[in-house]
Amino acid sequence: MDETDLTAEGVVLEGTNVGNSGAELQGETLVEELRAQIATLQKNDKKNKREITRLQQALTQEKYIAVTKANQLTARLLAQRNRDRYMKLLLGNSPDAILLLDQDSRLAYCSDSFQGMVGIKDVSSIIGRTLEEIFSLFPDCDQATSCFDSLQKRSNDKQIFEMGWDIGDEENERRFVVNFTPMRDQDNEHEGAVILFHDITALVRSRMEAERANQAKSVFLSSMSHEMRTPMNAIIGMTTIAKGNTDPERKDYCLQKIEDASVHLLGIINDILDISKIEANKLELAHDLFQFEKMMQKVVNVINYRVEEKKQNFIIHADEKIPASLIGDDQRLAQVIVNLLSNAVKFTPEEGKIRLTAELLQEENEVCTLKISVSDTGIGLSEEQQAKLFVPFQQADGSTSRKFGGTGLGLAISKRIVEMMGGSMWIESTLGEGATFTFVIQVTRGSEENHAALPAHVNWRNARVLTVDDDLETLSYFKEIALRLGISCDVASESKDALETIKENRDYDIYFIDWHMPDMDGIELSRHIRELRRSDSIIVMMSSIEWGTIEKQAKAAGVDKFLSKPIFPSSIADCLSDCLRDSSLHTAKDTQSETLDSFGGHCILMAEDVDINREIVCTLLEPTELSIDCAENGAEAVRMFEAAQDKYELILMDMQMPEVDGLEATRRIRALGTPQAEGVPIIAMTANVFREDKEQCYIAGMNDHIGKPLDFNELIDKLRTYLQPVDG
């Protein structure tokens with residue numbers, strides 16, 4: 001047998017040669033035993049390997065579980081840390097002041113806003129203190145103590161409650177809602193409390209402002225009811241008087257009062273519409289070419305009758321550097337000036353003085369900055385009253401017993417219009433000494449048209465002119481205008497001075513004489529002039545009153561012409577041109593009267609659904625001999641025009657009508673496609689006079705727009721624009 005080394009569990013056997021059979025047998029047995037041992041050892045070895053593998057797998061699994069648990073713990077710690085960070089951010093950035101109390105009602109935490117309330121920089125100095133100690137640190141200890149007492153009484157119940165707390169003085173008062181909330185754990189055991197101070201100062205102030213605004217609107221509505229009922233009572237009352245009276249003069253008086261009250265009522269309605277547009281941010285401005293002086297003349301025409309009623313002295317001074325034509329919204333500009341002048345007339349006593357001035361401050365890149373002022377010698381305003389002037393729904397004197405009426409909207413509307421024109425408005429006033437309202441705006445220079453103010457073939461410097469007026473400012477302005485026009489002009493401030501001047505110098509060609517003067521009125525002075533000098537001189541009477549009031553006396557005294565005050569350069573130029581034409585005439589003429597145009601032979605179509613409105617238009621236009629066919633709605637207007645397109649030369653189209661409104665009717669007429677349908681002028685008639693309303697008319701195909709209630713002169717102007725008057 002070869003020598004073999006066997007190793008099993010540390011046992012080593014060395015092979016031995018056996019010489020006899022017994023020894024061989026014994027050796028074989030030993031070999032078998034050894035083989036058995038080897039087999040056993042090999043079997044155990046496999047088992048041990050399997051066990052090792054299992055133990056290794058178990059170890060790997062345990063390691064995985066341990067790592068997973070560690071990761072989960074780390075994630076939980078990270079999430080907790082994030083929650084703590086966000087909670088700290090929440091508490092630290094909360095607009096509310098927050099306190100956290102522990103089980104012993106001592107401070108465990110406070111937010112930064114609470115530190116700001118108390119004025120503490122180091123929060124650690126108050127952690128662990130009682131509420132009483134903390135509230136004693138407030139600047140106003142008495143107010144803080146009252147809050148603490150209320151908290152102490154109610155916090156003992158450990159129930160949720162809410163209370164109010166005011167802190168600070170009247171000027172810097174702050175209001176808080178204090179919420180107390182107990183904190184309990186899952187076993188409903190008391191763990192402390194949360195106290196939250198919610199600042200409601202802004203909310204309270206907003207509520208108070210809203211209440212004041214509502215109160216102001218209530219007062220406004222009450223005032224507005226009075227303001228609207230007053231002209232309505234006049235209209236109804238004067239109508240009743242006129243119906244029961246047969247005297248023509250008395251009827252005319254009533255009709256005049258009805259007209260005045262109607263205009264006043266319309267002004268109130270326009271104010272309400274304007275302020276509603278402003279509050280809805282829908283007020284828009286036009287950008288049209290207009291003549292500045294003509295705009296000022298319209299303003300004067302509106303306000304002059306009120307000035308005449310109170311016998312006030314109204315003066316206008318316009319800077320000659322202001323361009324003749326401008327681009328902007330002349331209607332809104334006129335509205336602002338009329339509003340300021342109306343207030344000046346209202347608050348200035350009889351025979352007081354009102355002054356309107358316009359000045360060009362600067363011009364850059366054709367953008368002109370105008371400064372316009374209205375001064376009066378009226379009652380003036382206190383500083384408190386001035387603070388209310390430009391606030392909607394408020395008046396300087398809002399009491400029901402106030403002496404002067406008004407809507408309280410005009411100045412607020414005017415200020416907004418001025419701001420939209422790139423400017424501002426302000427007031428300078430002393431109570432009892434009058435007021436000056438001033439505003440600046442920006443408008444664009446328009447195209448210049450150089451027309452000679454006076455006939456070029458006449459050397460006006462050779463014409464001798466004398467102006468007599470007791471108001472020195474008017475004299476100065478008249479002389480300034482005369483210099484612009486190239487006229488030689490002497491002036492006198494009193495009638496006796498004028499007579500002395502005439503006696504000392506040779507006769508004058510033209511006399512401009514004020515009607516109302518203290519020592520000797522204009523009519524008496526005119527009589528003396530006629531007695532002193534040649535009869536071919538022309539005497540022009542100047543006054544703010546209606547010519548008809550003094551016409552008979554003036555003509556008898558030798559007055560030839562009438563010039564309405566306040567005076568404008570163009571008015572003087574027109575008057576001088578008339579003097580040139582009528583130099584041989586000595587019969588006074590009313591320069592303001594005009595012959596009514598005749599439109600005989602023309603036929604128009606009017607679409608209007610209200611009977612009384614149709615009757616008014618037809619009656620107003622009856623003296624013009626204009627032929628008018630009427631349609632009661634838009635659909636009928638379309639049918640009538642389609643059936644007789646050559647007949648109608650113009651269409652007056654109401655906007656709001658049943659079946660088919662004015663806009664749709666216009667679109668249908670234009671859609672007919674015939675030359676007549678495409679070319680016939682269509683004029684809108686509507687009470688909606690805002691810019692966007694007019695734009696809708698133009699988009700629909702209309703040519704023009706006239707507001708309701710209809711202004712007769714405006715209506716005639718529209719007819720002149722689109723129809724050719726018949727020469728008479």
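Is Arg-129 buried, partly exposed or exposed? At 32% relative accessibility, Arg-129 counts as partly exposed (buried is under 20% relative accessible area, exposed over 50%, partly exposed in between, with a 1.4 Å probe and protein chains only).

Before you go on, note that this is a predicted model, where local features need pLDDT of at least 70, side-chain atom pairs count only at pLDDT 80 or more, and totals for chains, interfaces and linings use all residues. Residues are numbered from 1 along each chain as its sequence is written, and side-chain values use heavy atoms, leaving out hydrogens and water.

**Stop one: a loop.** Keep Arg-129 selected: it lies in the loop between helix H2 (112–118) and helix H3 (131–135) (helices are DSSP runs of H or I with at least four residues, strands runs of E with at least two, numbered from the N terminus). Leaving aside neighbours within four places in sequence, Arg-129 is in contact with Ser-105, Arg-106, Leu-107, Ile-134 and Leu-137 (contact means heavy atoms within 4.5 Å).

**Stop two: a sheet.** Now select strands S20 to S24, an open sheet of 5 strands in the order S21-S20-S22-S23-S24, with parallel pairing (two strands pair if DSSP finds at least two bridges between them). Strand S21 (627–631) and strand S24 (704–707) stand at the edges, each with a single partner strand. Zoom in on Met-685, which stands opposite Ile-706 in S24. Strand S23 (residues 682–686) pairs with S24 over 4 bridges in the parallel sense.
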